[in-house]
Amino acid sequence: MDCSNAVRFGQHSGQAPRRARSLGLEPLDGATLSYRHPRSGEWAHDVRDPLREAVQVSVDPAWELRPVCTGERFACLEVGFGRGLNSATLLRKLREEQIDPSWLQVDGCEANPAWLHPWPALPEVWQDCAPWWGQDSGTWPLRSPNGQARICTQAAPACLGKGGSLGSGSGYDWIFLDLFSPGGHPEDWHPGLLEALTTAALPGAVLTSYTCARQIRDSLAALGWMVERLRRPGIRDTLRAQLAPLPPRS
Ligand SMILES: C[S@@+](CC[C@H](N)C(=O)[O-])C[C@H]1O[C@@H](n2cnc3c(N)ncnc32)[C@H](O)[C@@H]1O
């Protein structure tokens with residue numbers, strides 16, 4: 001994998017959006033796989049095709065700007081981990097592309113693990129890509145690529161602060177921001193969340209989210225993120241943001 005193939009901020013690869021089912025995958029029962037917010041009824045995923053959503057909203061837009069490379073250390077955080085479909089899709093992509101980082105950290109925080117019960121069977125497409133499946137919290141080794149997954153039941157941003165269970169020693173390269181919609185669930189978007197994510201992110205880090213709410217875009221921009229609203233045919237608008245990379249050493 002050539003890591004120089006990242007596109008620059010504001011550009012797109014020009015590739016047609018990929019449809020998960022056209023990859024020859026088994027159709028998923030999105031409603032069984034997903035769950036609803038107990039108060040608002042909002043679904044946690046696009047139940048029509050949750051794999052496609054994870055690919056198109058979370059993983060591929062991040063990969064475009066900041067690909068994962070063999071031999072490097074790489075850390076990803078999923079906020080609103082739920083069943084971890086975005087993180088599992090990242091692991092699946094690494095396997096498909098035969099990318100072998102020297103160390104991979106996959107972290108997730110899920111504030112309401114009770115909402116996930118009962119867990120459905122793990123679909124074939126994420127087999128061997130979700131060692132956390134069916135468990136609320138813990139640490140699991142990732143054997144190939146080498147690394148670990150850590151899931152905690154502390155809410156963000158507390159999990160990232162002093163005494164929190166997460167926080168990467170060196171910072172995160174990718175952040176999936178996947179809380180229920182800010183308009184309908186302002187109580188989940190705790191004060192200081194975006195600031196803590198900014199502190200936890202490495203220079204050049206990419207954050208992706210399905211929400212394009214103006215309040216989130218403006219807040220990220222004020223914190224130094226370059227924010228894009230991705231408009232792609234056949235896909236709902238999504239958000240991608242990147243922290244400025246470090247200037248190259250002279
Ligand atoms: C849209 S769902 C996420 C779906 C998930 N990414 C998946 O792949 O299954 C949002 C989740 O965020 C969790 N949540 C709400 N507030 C949170 C917070 N402050 N920190 C972490 N998770 C939170 C909710 O319990 C809910 O399960």
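Start with a term you'll need all along: a residue counts as buried if 20 or more other C-beta atoms lie within 10 Å of its own, exposed if 12 or fewer, and partly exposed in between, with C-beta atoms placed from the backbone. Keep in mind that this is a predicted model, where local features need pLDDT of at least 70, side-chain atom pairs count only at pLDDT 80 or more, and totals for chains, interfaces and linings use all residues. Residues are numbered from 1 along each chain as its sequence is written.

**Stop 1: alanine 111.** Select alanine 111, in the loop between β2 (103-109) and β3 (138-142). Helices (H or I, at least four residues) and strands (E, at least two) here are DSSP runs, numbered from the N terminus. Leaving out residues up to four places away in sequence, alanine 111 touches Thr153 and Ala155; contact means C-beta atoms, placed from the backbone, within 7 Å.

Stop 2: For another cis bond, go to alanine 156 and proline 157, where omega is near 10°.

**Stop 3: the ligand.** Show what surrounds the ligand: 22 residues, the closest being Gly80, Gly82, Leu85, Asn112 and Asp188. To be near, a residue needs its C-beta atom, placed from the backbone, within 6 Å of the molecule. Color β1 (73-79) and α3 (85-97), the elements that give two or more residues to this shell. By class, the shell has 11 nonpolar, 6 polar and 5 charged residues. Here Ala, Val, Leu, Ile, Met, Phe, Trp, Tyr, Cys and Pro count as nonpolar, Asp, Glu, Lys and Arg as charged, and the others, Gly among them, as polar.

**Stop 4: the core.** Which residues have the most contacts inside the largest nonpolar core? Select Tyr172 and Ile175, in a core of 61 residues. Such a core is a set of buried Ala, Val, Leu, Ile, Met, Phe, Trp, Tyr and Cys residues joined through C-beta atoms within 7 Å. Helix α2 (residues 50-65) gives the largest share of this core, 8 residues. Around isoleucine 175, pick out Leu77, Val79, Leu197, Ala201, Ala205 and Leu207, which it touches beyond residues up to four places away in sequence.

**Stop 5: helix α4.** Select residues 193-200; the buried ones are Leu193, Leu194, Ala196, Leu197 and Ala200. They are on the same side of α4 because they cover an arc of only 160° around the axis, taken from the directions from the helix axis to the C-beta atoms. These buried residues pack against β1, β5 (172-177), β6 (201-209) and α5 (214-222).

**Last stop: confidence.** Color by pLDDT, the predictor's confidence in each residue, from 0 to 100. The chain's mean is 91, and 89% of its residues reach 70 or more. Over residues 14-24 the pLDDT is below 50, and this stretch has 14 contacts in the model beyond near neighbours in sequence. Where pLDDT is low, the predicted coordinates should not be read in detail.

Key
Two residues are in contact if their C-beta atoms, placed from the backbone, lie within 7 Å.
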